[in-house]
Amino acid sequence: MRKFGMKRALVGAAIAALAMNAPAAHAASATGTAKAKILRQITLTNTSDLQYATIISGATASTVAVTTGGTRTCGASLTCTGTATSANFNVAGTDGAVVLVGGDSSVTLNGSLGGTMTSSLTYSAPTITLGSTGGSFQVGGTLSVGANQASGDYSGTFNVTANYQ
């Protein structure tokens, strides 16, 4: 019996030695890739203001609208003169990148001699794709003019934003 036990032990040791040298049956390997995309910092510059120009108020409230293309519509009982313009903003950043644009939906204009008016704001597009020279967007609005609105120079500031999509 002792011979049989010794043979069994030697056979077992040989199998164990072969198993240690054999590759694992379920082992696998793969590679991964690390990536990064770097974008230039966005710069946003105002090149023209939203200008409703000169308005002569009437006995009833009305509105003056300036489109994002700069076209003005003067409401009933108002007289509008001078040149109206939409606000224009230039955006610089990475060529080919898509930028989300937006900002305040309204602005309050305060009069130099008292009084206030409110303007709702509209944006020419919710996104722009930058070219090699950047891109731009415009802001128009609709100004609510009160009946016999107080005289004076009116102004107000509004915020715009530009962020990579």
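Phenylalanine 89 and phenylalanine 137 are both buried, where buried means under 20% relative accessible area, exposed over 50% and partly exposed in between, with a 1.4 Å probe and protein chains only. The model is a predicted one, so local features need pLDDT of at least 70 and side-chain atom pairs count only at pLDDT 80 or more, while totals for chains, interfaces and linings use all residues. Residues are numbered from 1 along each chain as its sequence is written, and side-chain values use heavy atoms, with hydrogens and water left out.

For phenylalanine 137, the relative accessible area comes out at 0%. Ring pairing is where this residue turns up again. Rings of Phe, Tyr and Trp (its six-membered ring) pair if their centres lie within 6.5 Å; planes under 30 degrees apart count as stacked, over 60 as edge-to-face and the rest as tilted. That rule gives 3 aromatic pairs. With ring centres 5.4 Å apart and planes at 20°, phenylalanine 89 and phenylalanine 137 make a stacked pair. The former sits in strand E6 (residues 87-92) and the latter in strand E11 (residues 135-145), so this pair ties together parts that are 48 residues apart in sequence; strands (E, at least two residues) and helices (H or I, at least four) are DSSP runs, numbered from the N terminus.

Tyrosine 123 pairs with phenylalanine 137 too, but as a tilted pair, the centres being 6.5 Å apart and the planes at 35°. Here strand E9 (residues 116-123) holds the tyrosine and strand E11 the phenylalanine, so the parts tied together are 14 residues apart in sequence. Tyrosine 123 has 21% relative accessibility and so counts as partly exposed. Taken together, ring pairs link Phe89, Tyr123, Phe137 and Phe158 into a cluster.

Next comes the nonpolar core, a set of buried Ala, Val, Leu, Ile, Met, Phe, Trp, Tyr and Cys residues joined through side-chain atoms within 4.5 Å. The largest one has 27 residues, and those touching the most other members are Phe89, Val91, Val99, Phe137, Val139 and Phe158. Strand E11 supplies the largest share, 4 residues. Contacts of valine 99 (heavy atoms within 4.5 Å) include Ile42, Val91, Pro126 and Tyr164, leaving aside residues up to four places away in sequence.

Finally, there is 1 disulfide, meaning a pair of cysteine sulfur atoms within 2.5 Å. Cysteine 74 and cysteine 80 form this bridge, with their sulfur atoms 2.1 Å apart. The torsion about their S-S bond is about 80°, so the disulfide is right-handed. Cysteine 74 is partly exposed at 29% relative accessibility, whereas cysteine 80, at 18%, is buried.
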